[in-house]
Amino acid sequence: MTSDLPRAPGQRLAERAKALFPGVLVALIVALAAQFVAEHYGAPAMLMALLFGIALNFLSEPGPTAAGIGFTAQTVLRVGVAILGARVSAEMLMSLGWGMIALLVTGVVATILFGVLLARVIGQGPRFAILTAGAVAICGASAAMAIAAVLPKDERSERNLLFTVLGVTVLSTAAMIVYPILTTALGFDDVTAGAFIGATVHDVAQVVGAGFSISETAGETSTLVKLIRVSFLAPVVVLIALWWHGSAEPVDGKRPPIVPTFVVGFLCLAILNSLNLIPAAVAGVLAQMSSWALLAAIAAVGMKTDLRNVLQVGGGAIALIVAETLFLAGLVLLGIYFLDLSP
């Protein structure tokens, strides 16, 4: 008879945690392995987490780890995106000057519009176009995961997300090598070179690597510009959520919120940071938590997706994400010359 009695909230929570623990632990172990390889061999941590996750795809099949892997790929992902807000502030934004801010905003808007228009020409869907273009325009894998969280789901959603994360990570790594050479060939000074790298390279880690490979000044400038691009994530995700809200399928009889909770969290932390209400030590801890949460989440996404499905995206999808990357780089170069930022 005791089995028919209602369970206490604490007991339900303990049972839920017990069910999720194996899968979450596996994702964290994969994230640790990816970070180890990144630190010791220079490989991008996100890419390593993806590849390791893909190799462990069988763990997402029904079994003890399936629930935790799904939880990490969704809930932990949203938490990681939310606490990214502690890394941006209004003061950081204004320090760039209105010309550079306008160029960054133009780059984000124009790249997304370009992606949507090109996708129509080459036969790719609008959701896939917004996913890839948003990732290219804002902050690579982090943006891809945040945008995917608000787009309506279908049978290709996880495949498209995995392809996008893989694509922007590979392109970011290539840009980390090529763009410093390009800025030197164009005769850019350290500040201009850093601004170009921060405005065009997709992922934060590769921006830091490319910028500091030139000089301390270029590295600091590129990181600042990149974090401003990260700050655009919340408004873009809100707009995408509003656009697709009517077509999103109800979950448990309820429609998803117009503004996702994790976006609200991002904005709240950004506002608190702008008001200097987050101590530097706490902001540092939150930044580390965000990095680990996103790394574990992308490992879980890799485990949930069959590589054979990713390979079915076709040449059109590859052409789209490469074209979006080249479009953004070309647009920023024109903007630098137009604003007379080049020496």
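**View 1. Lys 226, a buried residue of helix H11.** With a relative accessibility of 1%, Lys 226 counts as buried (under 20% relative accessible area, with a 1.4 Å probe and protein chains only). The model shown is predicted: local features need pLDDT of at least 70, side-chain atom pairs count only at pLDDT 80 or more, and totals for chains, interfaces and linings use all residues. Residues are numbered from 1 along each chain as its sequence is written, and side-chain values use heavy atoms, with hydrogens and water left out. Apart from neighbours within four places in sequence, Lys 226 is in contact (heavy atoms within 4.5 Å) with residues including Ile 138, Cys 139, Gly 198, His 202 and Asp 203.

**View 2. The packing of helix H9 against helix H11.** H9 (residues 190-200) and H11 (residues 216-231) pack at an angle of about 35°, and their axes, lines fitted to C-alpha atoms over the stretch in contact, are 7 Å apart. Among the residues that make this contact are Gly 194 and Gly 198 of H9, together with Ser 222 and Lys 226 of H11. By class, the contact of H9 with H11 has six nonpolar, six polar and three charged residues.

**View 3. The lining of the largest cavity.** A cavity is a set of points on a 1 Å grid over the protein atoms alone where a 1.4 Å probe fits but cannot get out; lining residues have an atom within 4 Å of a point. The largest cavity holds about 50 Å³ of space. Its lining includes Leu 103, Ala 199, Arg 229 and Val 332. Helix H5 gives the largest share of this lining, four residues.

Technical notes: Axes fitted to C-alpha atoms, helices over the stretch in contact; angles between N-to-C directions. Helix = DSSP H or I, 4+ residues; strand = E, 2+ residues; numbered from the N terminus. Nonpolar A, V, L, I, M, F, W, Y, C, P; charged D, E, K, R; others polar. Buried < 20%, exposed > 50% of the residue type's maximum accessible area, 1.4 Å probe, protein only. 1 Å grid on protein atoms, 1.4 Å probe; cavity = no way out; pocket = protein on both sides within 12 Å on 5 of 7 lines; lining within 4 Å. Points joined across faces, edges and corners; volume = space filled by probe spheres on them.
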